[in-house]
Amino acid sequence: MPLTPLVYWAQRHEDIYLRVELTDAQDIDVRVHENILQFKAQGHGAKGQNEYEFTLEFLSPVKPEVIHRSTQRQVSITVKKGQHGWWERLTLKERKPVFLAPDFDRWLDESDAEMEIREKEEKKNRLKASRHKEEEGSISLKTAFLFVYNLVQFLGFSWIFVNMTVRLFIFGQDSLYDTFHTISDVMFFCQILAAVEVLNAAFGVVHSGVIPTLIQVVGRNFVLFIIFGSLEEMHNRPVVFFVFYLWSAIEIVRYPFYMLGCFNTEWKTLTWLRYTIWIPLYPLGVLAEAVAVIQSIPIFDETKLFSIPLPKALGTSISFSFVLYIYLVLMFLGLLINFRHLYKQRKRRFRTKKRKAN
């Protein structure tokens, strides 16, 4: 006949803990249905090596999920109460089974259990507060970095825009021909620094798409360093003025918008400009870049700069102008991709604003 092992119990507001005195238990079967727990196992108990089993009818319903863990000395069982609360006793019947006894190693009175809960909550709150402080520290560091970066870019492009505007009013048409010599150093600095935006998007520092950012930065730097920087014949072309002026006109709006965004601040006029001014300026900028590329093609053909040498059996070399023709196609594909991206941003931004207003 199956025997009954010694069972010790304790409780908390959420759990029931049972400790079954059974050494080297095997074939453990623990089942819970409504408020009844059934246990069966083979092991060495108070009556030696045998099959042991018991049934407990709890005071209140419990959850069907039960956790049990067997060690060399005992079987530990954890049962979740159906509702949080403190039971006046374990079993439905007032008279407890003879095999059941309190587990004084884990026993707590209700007041002690409540104090234990408070201590756990306080510890959890302290841990959450320390994590929050760490996050605030990292956020403030990230905010400071982004603010300084956008400020530097804003100052750089503002200097370019104001300088070109003043020179245009003072010197008129003549200012179109020496733009590269007066502006290029600052433009080189700003566009090299713009590579940080690609890294920020790639590493999640800002919530921006990597591909649109990469297209813009690489496209501008290609025009600046390859088309303008490497060809002295392009330095005095008026197209340089239009490219630089359109770039800076966009950026003196974009970077202050990001600066305010670092501190969750918004200026409605600036927000509207940020999501609207690109509609005429961005296509005009790409058009000016395309004109610059087209004007550079005869120069590359003549100077053979960046030409790709070929074996004698195939020919002399491949002119870099072939790459530029491909680049022109990619440029307008990039325009479509970025235009679509910016349009979605604008639509999402003002749709959100409209919903908030309603």
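Author: We can begin with a single residue in this predicted model: cysteine 190 has 0% relative accessibility and therefore counts as buried.

Reader: How many disulfides does a search of the whole structure find?

Author: In general, a disulfide is a covalent bond between the sulfur atoms of two cysteines. Here the search, run over the whole structure, finds 0 disulfides. The closest cysteine sulfur to that of cysteine 190 belongs to cysteine 262 and lies 17 Å away, which is too far for a bond, given that a disulfide requires the two sulfur atoms to be within 2.5 Å. Cysteine 262, for its part, counts as buried because its relative accessibility is 16%, where the cut-off for buried is under 20%.

Reader: Which residues of helix H3 are buried, and where do they fall when seen down the axis?

Author: The general idea is that an α-helix has 3.6 residues a turn, so residues three or four places apart point the same way. In H3, which spans residues 195-202, the buried residues are Glu197, Val198, Asn200 and Ala201. Seen down the axis of H3, these buried residues fall within an arc of 160°, so they line one face of the helix. After H3 comes glycine 204, with a positive phi near 75°.

Reader: Which helix gives the largest share of the nonpolar patch?

Author: Helix H8, residues 320-357, contributes 6 residues, the largest share. The patch covers about 800 Å² of surface, and its members include Ile308, Leu310, Phe322 and Leu330. Leucine 330 is found in H8 and, at 51% relative accessibility, counts as exposed.

Methods:
Residues are numbered from 1 along each chain as its sequence is written. This is a predicted model: local features need pLDDT of at least 70, side-chain atom pairs count only at pLDDT 80 or more; totals for chains, interfaces and linings use all residues. Side-chain values use heavy atoms; hydrogens and water are left out. Buried means under 20% relative accessible area, exposed over 50%, partly exposed in between (1.4 Å probe, protein chains only). Patches are made of residues with over 30% relative accessible area and no salt bridge: like charges are joined within 9 Å, nonpolar side chains (Val, Leu, Ile, Met, Phe, Trp, Tyr) within 5 Å. Accessible areas come from the Shrake-Rupley method with a 1.4 Å probe; for residues, only the protein chains shown count as cover. A salt bridge is a side-chain nitrogen of Lys or Arg within 4 Å of a carboxyl oxygen of Asp or Glu. Helices (H or I, at least four residues) and strands (E, at least two) are DSSP runs, numbered from the N terminus. The arc is that of the directions from the helix axis to the C-beta atoms.
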